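Have a go at each task before you read its solution.

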Amino acid sequence: MRRAQGAIEYLFMIAAALIIIAVVIRYLRSTGETAGQQANTTVSQAGSLIQSAISQAIENATKE
């Protein structure tokens, strides 16, 4: 009886560890997606600012 109880407790500990690992992986995936979206937005905004600055510089250069 003691061996069976020890085996069941061991299996429960493994199951608990797997559940914790699954939760951590899910959290990291969602965090990674959020970071990726933020990075894309920032790069897009930076590109727009650079394009605007170049256009303005060309416009100023052609006026002179």
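Helices (H or I, at least four residues) and strands (E, at least two) are DSSP runs, numbered from the N terminus. This is a predicted model, where local features need pLDDT of at least 70. Residues are numbered from 1 along each chain.

**Exercise 1.** Work out how many helices and strands the protein has, and how spread out it is.

Solution. Step one: count one helix and zero strands. Step two: the radius of gyration, taken over C-alpha atoms, is 28 Å, well over the 11 Å that the globule rule (2.2 Å times the number of residues to the power 0.38) gives for 64 residues, so the protein is more spread out than a compact globule. Step three: the C-alpha trace spans about 95 × 10 × 5 Å along its principal axes.

**Exercise 2.** Decide whether Ile 25 is buried, partly exposed or exposed.

Solution. First, find Ile 25 in helix 1 (residues 2–63). Next, recall the cut-offs: buried is under 20% relative accessible area, exposed over 50%, partly exposed in between (1.4 Å probe, protein chains only). Ile 25 has 43% relative accessibility, so it's partly exposed. Finally, of the 64 residues, 0% count as buried.

Conventions
This is a predicted model: local features need pLDDT of at least 70, side-chain atom pairs count only at pLDDT 80 or more; totals for chains, interfaces and linings use all residues. Side-chain values use heavy atoms; hydrogens and water are left out.
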